Amino acid sequence: MAYDELFPEVPANRPAHCCNCGRETVAPVTIAYVQGTSGPGYARVACPDCAPKVAPMGATGPR
Ligand SMILES: [Zn+2]
């Protein structure tokens, strides 16, 4: 087994669009997980600026 196989390259955080302001952020904060009616659900993400405003109470953990 090659050394490289033990440590596969992990992709960096992919940019995501904030669900509140629509801006692209490289540090998305997951604020909610929406359950899909069919198939897998998806995570709603917000930029760090909006996360405190749109996240449900306590969703971002203790401050
Ligand atoms: Zn935002």
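Two residues are taken to be in contact if their C-beta atoms, placed from the backbone, lie within 7 Å. The structure is a predicted model, in which local features need a pLDDT of at least 70 and side-chain atom pairs count only at pLDDT 80 or more, while totals for chains, interfaces and linings use all residues. Residues are numbered from 1 along each chain as its sequence is written.

The protein chain holds two helices and four strands, these being DSSP runs numbered from the N terminus, with helices (H or I) of at least four residues and strands (E) of at least two. Read from the N terminus on, the elements follow the order α-β-β-β-β-α. The mean pLDDT, the predictor's confidence in each residue on a scale from 0 to 100, is 82 for the protein chain, and 81% of its residues reach 70 or more. Confidence is lowest in helix 1 (residues 3-6), with a mean of 80, and highest in strand 2 (residues 24-25), at 94.

Of the 63 residues in the protein chain, 13% are buried, a residue being buried if 20 or more other C-beta atoms lie within 10 Å of its own, exposed if 12 or fewer do, and partly exposed in between. Among contacts with a separation of 6 or more, 36% are accounted for by residues 24 or more positions apart.

Threonine 25 is placed in strand 2 and counts as partly exposed because it has 19 C-beta neighbours inside 10 Å. Leaving aside neighbours within four places in sequence, threonine 25 is in contact with Pro15, Ala16, Cys18, Cys47 and Pro48; the C-alpha atoms of threonine 25 and proline 48, 23 residues apart along the chain, are separated by 8.2 Å.

Threonine 30 lies in strand 3 and is likewise partly exposed, with 14 C-beta neighbours inside 10 Å. Not counting residues up to four places away in sequence, threonine 30 touches Ala43 and Val45, whereas its C-alpha atom is 8.6 Å from that of alanine 55, which is 25 residues apart from it in sequence.

Glycine 36 is found in the loop between strand 3 (29-34) and strand 4 (42-46). This glycine is classed as exposed because 8 other C-beta atoms lie within 10 Å, and, with residues up to four places away in sequence not counted, glycine 36 touches Gly41 and Tyr42.
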